[in-house]
Amino acid sequence: MDRLWIRTVALATATFLMASFLLDWFLALALPTWGFERLWEALLPGYRAGRPGAFWWGLVASAATGVYVGVVFVPLYNFFHTRVAPGGRDFR
């Protein structure tokens, strides 16, 4: 496997988390008794369901979390990829 690129991983992760938030938001509207609000309140800092702007805050926080994962994970992966599996060989 080749090295990973921060931009690619950050955009893919941010898009995935935003899509998950949107899906859960619409499911919460359709099924209000399932308690999706508590899930997002636990996962996203500063998010409180029912407050004005909660939808936009959740969407932005999901995107920021995805970018954070890409910025932190990719350099770690690339570091260990070059150290542990030199020449592309599997280290098993």
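Biologist: Which element gives the largest share of the nonpolar patch?
Modeller: That is α3, which contributes 10 residues to the patch; please keep in mind throughout that this is a predicted model.

Biologist: And which residues make the patch, and over what area?
Modeller: The patch covers about 940 Å² of surface and is made by I6, V67, Y68, V69, V71, V72, F73, L76, F79, F80 and V84.

Biologist: Take F73, then: where is it, and is it buried, partly exposed or exposed?
Modeller: F73 sits in helix α3, and with a relative accessibility of 42% the residue F73 counts as partly exposed.

Biologist: Switching to the inside, what is in the largest nonpolar core?
Modeller: That core has 8 residues, namely F21, W40, L44, Y47, A54, F55, L59 and A61, and the element that gives the most to this core is α3, with 4 residues.

Biologist: What does Y47 touch, neighbours within four places in sequence aside?
Modeller: With those neighbours left out, Y47 is in contact with F21, W25, E37, W40, E41, A54, W57 and G58.

Biologist: Let's talk rings; how many aromatic pairs are there?
Modeller: The count comes to 4 aromatic pairs. One of them joins F21 and F55, whose ring centres are 6.1 Å apart with 40° between the planes, an arrangement classed as tilted.

Biologist: Which parts of the chain does the F21 and F55 pair tie together?
Modeller: F21 belongs to helix α1 (residues 6-30) while F55 belongs to helix α3 (residues 54-84), so the pair links parts that lie 34 residues apart in sequence.

Biologist: Are those two buried or exposed?
Modeller: F21 is buried, at a relative accessible area of 0%, and F55 also counts as buried, at 19% relative accessibility, given that the cut-off for buried is under 20%.

Biologist: And why is the pair of F55 and W56 called edge-to-face?
Modeller: Their ring centres are 5.0 Å apart and their planes stand at 80°, so the pair is edge-to-face, because planes over 60 degrees apart are put in that class.

Methods. Residues are numbered from 1 along each chain as its sequence is written. This is a predicted model: local features need pLDDT of at least 70, side-chain atom pairs count only at pLDDT 80 or more; totals for chains, interfaces and linings use all residues. Side-chain values use heavy atoms; hydrogens and water are left out. Rings of Phe, Tyr and Trp (its six-membered ring) pair if their centres lie within 6.5 Å; planes under 30 degrees apart count as stacked, over 60 as edge-to-face and the rest as tilted. Helices (H or I, at least four residues) and strands (E, at least two) are DSSP runs, numbered from the N terminus. Buried means under 20% relative accessible area, exposed over 50%, partly exposed in between (1.4 Å probe, protein chains only). Patches are made of residues with over 30% relative accessible area and no salt bridge: like charges are joined within 9 Å, nonpolar side chains (Val, Leu, Ile, Met, Phe, Trp, Tyr) within 5 Å. Accessible areas come from the Shrake-Rupley method with a 1.4 Å probe; for residues, only the protein chains shown count as cover. A salt bridge is a side-chain nitrogen of Lys or Arg within 4 Å of a carboxyl oxygen of Asp or Glu. A nonpolar core is a set of buried Ala, Val, Leu, Ile, Met, Phe, Trp, Tyr and Cys residues joined through side-chain atoms within 4.5 Å. Contact means heavy atoms within 4.5 Å.
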